[in-house]
Each structure stands twice: as structure tokens, then as C-alpha cells.
Amino acid sequence: MHLLTYPRRSHKKSRHGCMPCKRSHVKCDEGQPSCSLCVKRGLECIYICPEPPRKALSDATGDDKTPQQGTSCTPGLSRVPRLQEMRLLHHFSVITAPSLACDDVDLRFWQFELPQIATADDYVMEGLLAVAALHLAFLEADKLSYWAQIALIYQTRASAGLRNDLVSNSQSHVAKFAGSALILLLITAYPGICRDGYPIDPLNEVVTIRSALKGCAMVFSDIYEKQQKTSIDFWLRREGSTVSKEPQESDAYLVHLHQEIMERLLEVQNAIDNCHIQYRQVYRETYDLTLKALRTWPAEVDSVTWPIWISDSFLDLLEQGDWIARIIFLFYGLNLFLGSRKWFRMGAGRRLVLGVLEPIGTDIPPQWEEMVHWMKQVVNI
């Protein structure tokens, strides 16, 4: 008998397997927090709970504690209940939003405007809840895996909703921007909270951000270049931080470091002026983006959107090992380092600088040796 004619061996079907196993049509052992196959393949193990059986009309009397259908959950939960979502929304408004803000303008956006936008667009709400869950993963170390998986489920929904909105070509530019900002925040925060990822592949991380939000670049262009007026112009078009209070003693080092980084970045301008004319425009465009992000520190909006605004030509130069491009990229890492005391930027700047420099070792052009040595000192490498 030919091998293909043997009857298929039967096995007990996995009813509650994870999504990666279901997509691959393989049996899941339903291990928690991750099944063995996902562990072996290095995949994110995501469980989506099945719909509960519908109650008969005669059983619907009394207190019904069953949560609403259609809600996802993580391993160890029957589902994400409504009260837990209320907790996440409250946590975002009262605790997470102030942690994201550096001044009153930031606080107005994160604590008041963003939740209002989220009430009209589901995917913005999903992104908001994802950020709140990830913040709880940072705050509650003993429940890190639990909250991180909750955040991942909400992020998956937010990303899908954002993609659908982009495809529909709707005019909800503010919602698209808000959803993009939340997803960028999540992508930035995950490595520091959920992994000990030292070092990372920084170029790949930037490419991941760009590909995840490629369609939103057009939305940003509409808002900025076409000067479209939006309800969040007060936040988008700010020219600098509106922090009025004197820096606290604990922040004095960062204030001094910020000034030093600004001065050292100006040195790169000379190299750009004297470089080959073929690449000069690419360098200048990215240099200006980096300078703008540093000038508006401690505001986050320009550093958050930096990976989207840089050109493919600049990424090509990075891939080719171009040193001026590398130095500009490293200054972006220093900008991230300035925000490293914030939970969502924890370790991001150091990981990027280490990820760029570690593969190079000592193979550094004499022109950049002193500057690279200074950068290593700044991030404690």
C-alpha cells in the first residue's frame, strides 16, 4: 500500500489551543503561559478564549456574572471581564497618562484628548487599553507575563483596526494619528519591559516600526505639509516644551546632558557640509529631524515619530555601513537615552547605541573615534 493511502492517525483535538498553533493546523499542548511549540519556535503564544455557550432564556434570571461575549483573554483567564477593562481605562487616565506627560500640554493630550478620541474609534480604545496593561506589567513585576499578554491582545486588535481604517481611506486623521502614537509607544516599550534584549538589531527595529505604520506616514504628511487643522494641533505643532518649573535636582544631569548632546550634534554639520554631494541632502534631512527631536525635548512627539519620517535612502546608507548615517542614528539613540527614566523608554537608548556599536568593535574611522568614545560613556557602555 502506498504511504499516502494509509488512514490518518486520529488524535484528541485541542479545543483551546493558541492562535499560532491553530494557524499552523498543529495540535497545541495548551501550556501556560506559552505552549511548548511556541517556545521552540520563538513565537508569541496567544490564547483567545472560545465563546461561552448561550444561556437558555429560562436560565437568564438572577444575577448574571457572565462577561460580554466576544472578549479575548490570556491563559489563566476565562476572559477579560468588563470590570477589568474599566480598571485599565481608569489606570490609563489617572496613572499612565501623567507618566507619559512632561508638561501641561502633554498631560492635556494624554489624559483628556486621547480618551475622548478613543470613545469614538474602537481601535484607539484598544491601543489605549494595551498601553495601560503594559504599564501595569511594568509596575506589577509579579504579574508581568499576565499583563504583557493582555497588552498584546489589545495591541493586535488596535493594529488590525488601524489597518482597516487606513484601507477605508476615511478622513479620521486624528484617530489615525492617535492610534499610531499608541502603537509606536507599545513597540518602543515592549523590549525594555518584556525582554532583556541586550543588544537589539536597531535597524531592524526601526524598519519594523516603519512597516507597521507605513500608511500613517501619508496621514502625517496631510496634517503637517497640507497644514490641515485638527483638534490636537496644540500638541502636534508645538515648537518646544512648555515646562515652566525649574528642573528638579534629579533631572539636573539630564538637562546638562541634553545641552551637551545638542552641542556635539552641531559638530556633525561640518561633516555633512564636506561630504560627497550625492548623499548630502539625505544626511541633512535626517539631521534636521534629529535636531528637531532634540530641541523639543523633553516633549516626546518628534522623537516618537522620528522612525516614520526618515527616508528609505537614509536606511539604505545605514545598511551599507555609512558612517555619517551611523553617527546621526546614534544621536537618535542618545535622544531616546534622555527619556530612559520613563517606563516606556527604559533602556531603549542604551540598547540602540549598543546594538549599533557592538558588531563594529574597534573598526571605527579615526574621524569618529573620539565621538563614539564619548557616546559610549554617555550610555555607560
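The score called pLDDT is the predictor's confidence in each residue, from 0 to 100, and it is the place to start here, since the structure above is a predicted model. Over residues 49-78 the pLDDT stays under 50, although the model still has 49 contacts beyond four places in sequence for this stretch. Where pLDDT is low, the predicted coordinates should not be read in detail.

**Confidence across the protein**

For the protein as a whole, the average pLDDT is 78, and 75% of the residues score at least 70. Residues 1-11 have a pLDDT below 50, and beyond near neighbours in sequence this stretch has two contacts in the model. Among the elements of the protein, α5 has the highest mean pLDDT and helix α9 the lowest, as the table sets out.

| Element | Mean pLDDT |
|---|---|
| α5 | 95 |
| α9 (residues 216-224) | 64 |

**The overall fold**

The protein contains 17 helices and zero strands, and of its 381 residues, 50% are buried. A UniProt annotation, from an unreviewed entry, marks residues 323-344 as a "transmembrane region"; in the model, the chain over residues 323-344 is 73% helix and 0% strand, with its end C-alpha atoms 29 Å apart.

**Helix α3 and its partners**

Helix α3 runs over residues 82-100, and its 19 residues reach 25 Å from the first C-alpha to the last, which is close to the 27 Å expected at 1.5 Å a residue. This helix has a kink of about 45°, centred on F92, and F92 is itself one of the buried residues of α3, a group that also includes L88, H91, S93 and A97. Which helices do the buried residues of α3 pack against? They pack against α4 (104-118), α5 (122-139), α6 (144-168) and α7 (173-194).

Q111 lies in helix α4, and although Q111 and S93 are 18 residues apart in sequence, their C-alpha atoms are 5.3 Å apart in space. The side chain of Q111 reaches the backbone oxygen of S93 at 2.7 Å. Apart from its neighbours within four places in sequence, Q111 is in contact with S93, V94, A97 and P98, and of these, S93 and A97 are among the buried residues of α3.

Terms used:
Residues are numbered from 1 along each chain as its sequence is written. This is a predicted model: local features need pLDDT of at least 70, side-chain atom pairs count only at pLDDT 80 or more; totals for chains, interfaces and linings use all residues. Side-chain values use heavy atoms; hydrogens and water are left out. Helices (H or I, at least four residues) and strands (E, at least two) are DSSP runs, numbered from the N terminus. The expected span of a helix is 1.5 Å times one less than its number of residues. The bend at a residue is the angle between axes fitted to the seven residues ending there and the seven starting there. Buried means under 20% relative accessible area, exposed over 50%, partly exposed in between (1.4 Å probe, protein chains only). Contact means heavy atoms within 4.5 Å. UniProt positions are given in the numbering used here, feature names are shortened, and annotations may be inferred rather than shown by experiment. A polar contact is a pair of N or O atoms within 3.5 Å; within protein, one must be able to donate a hydrogen and the other to accept it, and residues adjacent in sequence count only if both atoms are side-chain atoms.
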